Amino acid sequence: MEQYPYQPPEPHRRDGAAQGTGHGHEAAGTGHGAAAGHGHAHGHSHSHGPAAPVSQHLRKVIAAILVPFTAAVLVGLVVLWPGQAPAHKRTGVGFDRQTQQATVTRVVELSCASANASGVPPTGDTSTAEGSSAQQRADGTCKKATIRVDTGKDKGRTFTEIVQPDQSRQLHQDEKVVVAYEPSAPKDLQYAVTDVNRKFPMTLLAGVFAVAVVLVGRLRGVMALIALAVSFLLLTLFILPAILEGSNPLLVAVVGSSAIMLIALYLCHGLSARTSVAVLGTLISLALIGVLGSLFIGWAALTGNTDDNTGLIHGLYPSIDMSGLLLAGVIIGSLGVLDDVTVTQTSAVWELHEANPSMGWRGLYRAGIRIGRDHIASVVNTLVLAYAGAALPLLLLFSIAQSSVGTVANSELVAEEIVRTLVGSIGLVASVPVTTALAALVVSADRTVPDAGAAGASAGARPAPARGGRGRRRKR
């Protein structure tokens, strides 16, 4: 057992500088443990609680930027807020159909030939996909389903539908389905099954998601769910109707995404300088994404009218700028990931400052950017894989056709996704140094100057050297 030299206790001081009011360290391992609080009057003065608020001057600078921006967003919401979307005559194509809920009440099997549902193979050749399918229908077993309409003016009405053996969707008794209604068709053909009713599993999954978010995130999780609901409301009540009403899609997307950003970030992370820095970083990155997206969508001559859905929109509302709609999608799609990056980088810089308040803004920036590089690598990969996963059936078709990479990339369908991915990724990459630099400048400008008492206590707290050479050596 090591022996420590006896040191007489110091006389009581009125200023309490040597009372060890910090973390209550008993000078363990310093070679003078007998003097409680001796030599430790600095007391680890930095707080382990919430980050200290920034100075009044910085608050005014941040407010001078964000208050006018928030006011402009509010004005934009008021000016662009849509009325009712212009009416149109239903085409009966795709989503533009009247639909009702229904239930499959009975399913019986019968031969396709007796159901008059068979087809003669063209030219008798069953080696082709068309001929093989027709032969299968002729020799296979079909299903005759009876469906009851559960909603609408024809509630309780039933109709029958023949299900071919090679159809991807097979109907089952008591299954809930969605049926399309075409009033101009003959009475026996007015209703047809178009999809399965997925409300229950989708609602259950949403409930499991909400419970998981609240259990793990607690109050922050509740705030995140509220922000998600507000974002959805702004999307459905403002962005989509305003575009249908004929407003500029880019302007609507900028105003709508800015409102979503302000509400989501401040609601989830609180009204603070830290959140405000994340808002500024997100805003600058969104502006870069908008500029680059506009430039390359125009340069690559992307029309935004590439499939049946966009073609239907253009047919119903010819005044909508489809390329502008594409750019609006790029901005809105990038917003969610941008929020993640900017909040993470801002928090990282704040925590680095809390751990070492003496670190200057260059040191904070260098440390923060090292964290950001890891974040960039994972986020960019996430974006690319997300877009590739969404376009997987399309990429599979190109693979079947044995098209070259250049041919695939040059097609407008794939070129849209490439521009969307790369423009969004550039904005994400740029958000890391921008947000890190802003956060480093803000927190480094708020160094607190120690008061005279604390300075004197710290100066007089130099540990005395151990006598006899048998004291413990402090680890560095």
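This is a predicted model: local features need pLDDT of at least 70, side-chain atom pairs count only at pLDDT 80 or more; totals for chains, interfaces and linings use all residues.

User: Fine. How do helix 8 and helix 11 cross, and within what distance do their axes come?
Analyst: Helix 8 covers residues 361-390 and helix 11 covers residues 412-444. Their axes come within 9 Å. The crossing angle is roughly 160 degrees.

User: So is helix 8 roughly parallel or roughly antiparallel to helix 11?
Analyst: Roughly antiparallel. Angles over 145 degrees count that way, and the crossing here is at roughly 160 degrees.

User: And the hand of the crossing, left or right?
Analyst: The crossing of helix 8 and helix 11 is right-handed.

User: Switching to helix 5. Where does Ser 285 sit, and is Ser 285 buried or exposed?
Analyst: Ser 285 is in helix 5. Ser 285 has a relative accessible area of 1%, so it counts as buried. The cut-off for buried is under 20%.

User: What does Ser 285 touch, leaving out residues up to four places away in sequence?
Analyst: Leu 338, Gly 427, Ala 430 and Ser 431. There is also a C-alpha separation to give you: Ser 285 and Val 432 are 9.2 Å apart. Along the chain, those two are 147 residues apart.

User: What about Ser 294? Which helix is it in, and how accessible is it?
Analyst: Ser 294 lies in helix 5 too, which spans residues 273-299. Its relative accessibility is 41%, so Ser 294 counts as partly exposed.

User: How far is Ser 294 from Gly 324 in space?
Analyst: 8.2 Å, C-alpha to C-alpha. In sequence they are 30 residues apart.

User: New topic: aromatics. How many aromatic pairs are there?
Analyst: The count is 4 aromatic pairs. Ring pairs also join Phe 159, Tyr 181 and Tyr 191 into a cluster.

User: Now zoom out. How many helices and strands does the protein chain have?
Analyst: The protein chain has 12 helices and 5 strands. It runs to 476 residues, and 34% of them count as buried.

User: What share of the contacts with a separation of 6 or more joins residues 24 or more positions apart?
Analyst: That share is 70% in the protein chain.

User: Last one. What is the accessible surface of the protein chain?
Analyst: About 28,100 Å². Carbon and sulfur atoms account for 61% of that surface.

Notes: Residues are numbered from 1 along each chain as its sequence is written. Side-chain values use heavy atoms; hydrogens and water are left out. Rings of Phe, Tyr and Trp (its six-membered ring) pair if their centres lie within 6.5 Å; planes under 30 degrees apart count as stacked, over 60 as edge-to-face and the rest as tilted. Helices (H or I, at least four residues) and strands (E, at least two) are DSSP runs, numbered from the N terminus. Buried means under 20% relative accessible area, exposed over 50%, partly exposed in between (1.4 Å probe, protein chains only). Contact means heavy atoms within 4.5 Å. Accessible areas come from the Shrake-Rupley method with a 1.4 Å probe; for residues, only the protein chains shown count as cover. Axes are lines fitted to C-alpha atoms, for helices over the stretch in contact, and angles run from 0 to 180 degrees between N-to-C directions. Angles under 35 degrees count as roughly parallel, over 145 as roughly antiparallel, 65 to 115 as roughly perpendicular and the rest as oblique. A crossing is left-handed if the near helix is turned anticlockwise from the far one by less than a right angle, and right-handed if clockwise.
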